[in-house]
Every structure is written in C-alpha cells, then in structure tokens.
Amino acid sequence: EKTKIVEPLDYENVITQRKTQIYSDPLRDLLMFPMEDISISVISRQRRTVQSTVPEDAEKRAQSLFVKECIKTYSTDWHVVNYKYEDFSGDFRMLPCKSLRPEKIPSHVFEIDEDCEKDEDSSSLCSQKGGVIKQGWLHKANVNSTITVTMKVFKRRYFYLTQLPDGSYILNSYKDEKNSKESKGCIYLDACIDVVQCPKMRRHAFELKMLDKYSHYLAAETEQEMEEWLLTLKKIIQINTDSLVQEKKEPVETTQEDETSSQGKAENIMASLERSMHPELMKYGRETEQLNKLSRGDGRQNLFSFDSEVQRLDFSGIEPDIKPFEEKCNKRFLVNCHDLTFNILGQVGDNVKGPPTNVEPFFINLALFDVRNNCKISADFHVDLNPPSVREMLWGEMLWGPSTQLAGDGSLKSSSPESFIHGIAESQLRYIKQGIFSVTNPHPEIFLVARIEKVLQGNIAHCAEPYIKNSDPAKTAQKVHRTAKQVCSRLGQYRMPFAWAARPIFKDTQGSLDLDGRFSPLYKQDSSKLSNEDILKLLSEYKKPEKTKLQIIPGQLNVTVECVPVELSNCITSSYVPLKPFEKNCQNITVEVEEFVPEMTKYCYPFTVYKNHLYVYPLQLKYDSQKTFAKARNIAVCVEFRDSDESDAGALKCIYGKPAGSVFTTNAYAVVSHHNQNPEFYDEIKIELPIHLHQKHHLLFTFYHVSCEINTKGTTKKQDTVETPVGFAWVPLLKDGRIITFEQQLPVSANLPPGYLHLNDAESR
C-alpha cells in the first residue's frame, strides 16, 4: 500500500478559524505574535562600481513584469526585517548544550595503570593504556591436545594486542581486520609465562607457554614480523612478572577488629588470589580493587557530549547581524601585456630615429584553458601592442571612413564628437593592456594561452617562412614591410592566425601563482588545428617538450602575471562600468575579464552585478555541394545581431569591438583560413543584449569569399572587389521564451529573402 499523504498544518488557517477561541484564551500570547514585534530597516546597497550596473532606462524599456522585477534586485536597497521580542523567545538553541565538547572521548587513566615501572622498554607500552598496542595477521593452531604438535592445523587470523582498562593484556583474533565482529578466540597474557620460537613446527612459528597445561602456537608470515611479535610479547611478560614480584614484596596488613573497611578486605582477597595464580581470578580481583579506589563521581562526563551528531551542531550564539549579499571574489590575478617582438625588425613610417619595431601589425588574444576539465574558462582578452608607426599601416578611407584620422599615438580619432561609455571616453578604452582574470577552482593544469594574429595575407606557412628562415634581416624586413603595407590597405579588417604560446598559472590547488613561469616559444599555428579542442590537446603535451614537434617562430612575448593589489585604481568591469576608485581622464585602465564559472559552482551564490552578455562561437563551415562553391576558398564569416528580418533592416550596434576600433560595432569578422573550403573558427563574439528580447531578435551569419590577390596591373574596379557573398545563415535567439545556448547546425542559404525567419530549413537552402 502507498503511504498516506499527510498535508502539513496550515497554521494561519487554524488561527483564522479559531480566532474567537484563541483571543479569549488567557494563554493566547503563546500562540499569537505581538503586533508591534516586527520592524523594517533599510540598508543602502553597497557597490564596487562607481555607478549602478543597470542601464538608466532599463525599467522603461523592460516590457515584461518578470524582467522589471529582476532589474529591481540589482538596483533597489536592502530591506531587513527585525523582531523586537526575539531575545525573549525560546528555542532548542537555548538548551544547556553550550559547554565545551571534547573532540573525542578522553581515555581514562587509573591509579593501577600508573604503577608500571618507568624503564625505557615498558614506558612505551604503558603509555598506550586502554588501546591497541599491536595488530597484524598471524597463523593460529588449534589447541586440541589430542592432536600431535606437528599435525596441528593453522588458520589465518587477524590479531589485536590490546591493554584492558585494568592494566592486563589480551590477544584477540578475528577473521579479518574488522574487530567489530565476534572474536574467534582470546588469549589472556597474564597467564603467559614465556614465549619461544618453534621452527620445527612451522616456519616463523612461536609458542606461548601458559600456566595451565595448554600452549598456544602462532606463526608470522615473515621473519621480521615474527621478531616484532616476540619482542612485544616478551616485554609484556616481563612487565607482568615485575608487577607480580613487586606486589609480593609488600606485606599484607591485617586490620584491627574495629576497622572493617572494604580496602583491607580487598587486599586480603587480592593476596589470596595471587597465590592461586589463576588468570581469570586475578583479572576479577584487579577490577574489584580498582572500583574500591576510584569514587564513582570522579571524572564523569556528559554522555550526550560524546555523540558525534551533537558535536557537529554549533548553537553557541544567536544569529549575527544581517549582512547583504556580497559579490563573490574568486582567485584573481593581473595579466600585464608589455610587448611582442619578432626577429624581423626595422624602421617603419616616420620612426627613423626611434628603436626598430615589427614591420607589420600583430594582434594578441589571451584566454584561460583548463586542461583537466577540457574546457575554456575565461572570455577572450584582446590586446594591441603595435607602436603608433605600425598602426598607421591599417589606416585608410576604405577601412575607417573619410571622417576618421589617426592621432599622434596611433589611435583613431573622428571629426564627430567623441562618445562615452559609462562616463568613459572611447579613446581611453581602445588600447587596454592590463586584464584581471578570475578562477573559481585553481589547479596546476590551468594555462594562459596567447593567440597571435596578423592581417590576412595568404597561407600561414608562406607568411611565417620569412620569420623562420631569415638569412638577410635588413632585406627581408623591407620585403615583408612592403607586402604588409599593400595588404593592410586592402584587407586590414580581416585577420589570419599566425602563432600561439602558453604558460602555466598556478603551482597548486590553493591558488599560489606561478610568478616565475614564462611563456613557451611562439609556435607556428597549424591551419588544420585552430579550434579550442585542438589547443587543449596541444596543452596536454605541454609538459612533454621531447615529444613536441611543433615549429617555432623566433620571437618573444613579454606578458607578466602578478597578484592583484587590494585597492587597484582605474579598473572597469567586463561591461566597461568603472570600479571604485576611478580617476577621470586616466590612460592606464585595467579591465576585468569574464570568467566562465563551472556548472557545479555556477549557482552557489547570488548574482549582485547586472550582466547581460551573449557569447557566440562560429565553429565550422561545411558545404554539402562542393561544385556550388568551388571557387570560394578564403571564407570569412561576418556575425550581426538584428531585431528584424525585413529587407531594409540593419544590424544593432551592440557587439564588443576589438582594439583600435570602436568599442561597440555592428558586426564582427572571424579569422580567415587561406584556401580552406571547410574552415574552422575559434573566434569569440561578445554581444551586449538589449533589455527586452522578442521573437525577431536573431543572429545573422554572412559568408564571404575574400580575394587575397594583389593585382598591381589590374583595373581599380577589380582591385576593389575584396569580398563576395557566398551564403547566409541565421538563428533566432529565443525558443519557447528562453535563449538558445547550445550548439546548433544551421543550413546555409544562397540568398537572403525578406522574412527569412519564417522559412524552414528546406526552403532556406
């Protein structure tokens, strides 16, 4: 039969139904709460940021009541309910259980146990009163006297040599190590007079000679174990003998007729029992003597305090003052990027008197990878370390527009008024070189991986060859710079993978930073191993340099890992919200890099900072028909976030840009693999989602064929044809009212018809 379900008592319903009866009851105060007991206080919300992380018009733009209430949890103050009469209430914590509880039950030491001699051999045994002295496997023979000694059957048993509370020693045997089961036999060593070896009977055997006619035969498994048992048993026999001799020397005093104390009678009984030398009677006599010497009230403990479950509970005080939820800080460290240099250096642009620099621009992408859990655990941190003279190579009307100019430091400045992000000018956010990474579960198999990219030029092996085989540095530098200058003016917005490097972060699981660690050599990026899974496989062989057959590009990446100071100024969150303290017009800004928290600890603490980010990862493009796109080799994917599928709809400016460009852009391009018809992508596109999402919000992927050929003799029209659309794909952001956050396979359409969100997979191909 199924158990009958009993609904819990509705206390408020009972109070309502029996209101008249309760109010007329003289003991109604035991049932009713005082009306003036509750008071509410307000605690202002404490923030790490200078301003609220919630957008100013968030509640106005939110069309859902659920979203509005969620926004309030990040912006409103805390309300605390206080109970005036709480100090007068009583509960189980007020019970008398606040006494100091011992961690374990103390071992009792009796007077008779302190009579042992203080010699060096016996002191070690006497110090273990009431506990196990020795244990181990032995072979025990049966004690049947009718069988000859050589025919005795030995059985393997586990023995415990224990000292009883009265000071006597006992040897118990069991079937296995679990002494909680029934004992298979016991030997009282008070009746043992000697222990000798008997190798003729069995290998590593010895005999325990007793006062009675029987002897016990035991055998160890090794000679060393036998010697250890013999030494321990001989010490015990010696202790028993010395104790007996000492007691015999003390005269037995007869009491007078008027003295009928129990102590004198016990000594007479003990003396007579010792003469009999029977072990059971001796044990009984010692226990009787001990009970007479010790008073029953001495050394008593509260038995309930020995319960492990009671000890685990701690009700030593009332709850502490209510504190609002705080943002959890995991193990944090600062990554400071200094410079990146290759072996091909030269004077670029107007930098004639300055030090030589790289002859073409390079871009760095830093992220944390967890090899143990086989995943990426942080967002990407993009860094641009190019000097101003090298950044000028990327400038042009084709890339940035006619109203854009280059400032003296190589940064872009527009003739239009500068925009601000959370009170910070965009120019201050374009070239951030310091990032704070956070790790919830640190361990030695977490690596900081740096991916180095350059402007799309061609095949990776062809582009890396001048850096690897450099016979004439000056001539090679001029040639590489001349080619790069032409490529940057035409393909400056496209990137290609070039090299990668890695270094460990932690020494142990406690989060000790490996400050002495250095980056590995700059390995040439393999065009067939671009994904995060490939990087994780390469990192698993990081500590096996003898098995690594990766090609090295001569160069040096100078990135340091430091401990984060307690009060780090001029820092911003991953949403570019300034943290306290923050100075206006500061140039050296540090950004917090988002951590991808593991699922096991994702919801272990409440969220106190408003974040509304979406990370998109284009993984791989595969064509079903190779004939249709036979000429499409250098494929670039452009990601846009749109709120409509109409023909005149545009992309929303909510994608986080990369250094040197705008902070927020309308599109983002993934790296391009040269001459790869089914390319893989490792890019991470970070999107700031709007407050209100509807069914029309979607991601649009546009695939282009990028022409890398530089035809100096061709016409201007042919040279300007850089990209040709070859396909489209889209994915709605919402499904059943929830954001889709799992991997999907999208069909690729040859065109983009109006209302494409309503087309099925067959119609869109």
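These legends go with close-up views of aromatic rings in a predicted model. Residues are numbered from 1 along each chain as its sequence is written. Local features need pLDDT of at least 70 and side-chain atom pairs count only at pLDDT 80 or more, with side-chain values using heavy atoms and leaving out hydrogens and water.

**View 1. F381 meets F437.** A search of the whole structure turns up 20 aromatic pairs (rings of Phe, Tyr and Trp, its six-membered ring, with centres within 6.5 Å). Here the ring centres of F381 and F437 are 6.3 Å apart and the planes sit at 75°, so this pair is edge-to-face (planes over 60 degrees apart; under 30 is stacked, the rest tilted). F381 belongs to strand 15 (residues 381–383) and F437 to strand 20 (residues 434–439), 56 residues apart; strands are DSSP runs of E, at least two residues, and helices are runs of H or I, at least four, numbered from the N terminus. Both F381 and F437 are buried (under 20% relative accessible area with a 1.4 Å probe, protein chains only; exposed is over 50%, partly exposed in between).

**View 2. Y467 meets F498.** With centres 5.6 Å apart and planes at 70°, the rings of Y467 and F498 are edge-to-face. Y467 lies in helix 12 (residues 460–468) and F498 in strand 22 (residues 495–504), so the pair ties together parts 31 residues apart in sequence. Y467 has 1% relative accessibility, so it counts as buried; F498, at 0%, counts as buried too.

**View 3. A ring cluster.** Ring pairs join W137, Y158, Y160 and Y174 into a cluster.

**View 4. Lysines over rings.** K134 lies over the face of W229, 5.2 Å from the ring centre (NZ of Lys or CZ of Arg within 6 Å of the ring centre and within 35 degrees of the ring normal). K686 lies over the face of Y656, at 4.4 Å from the ring centre.
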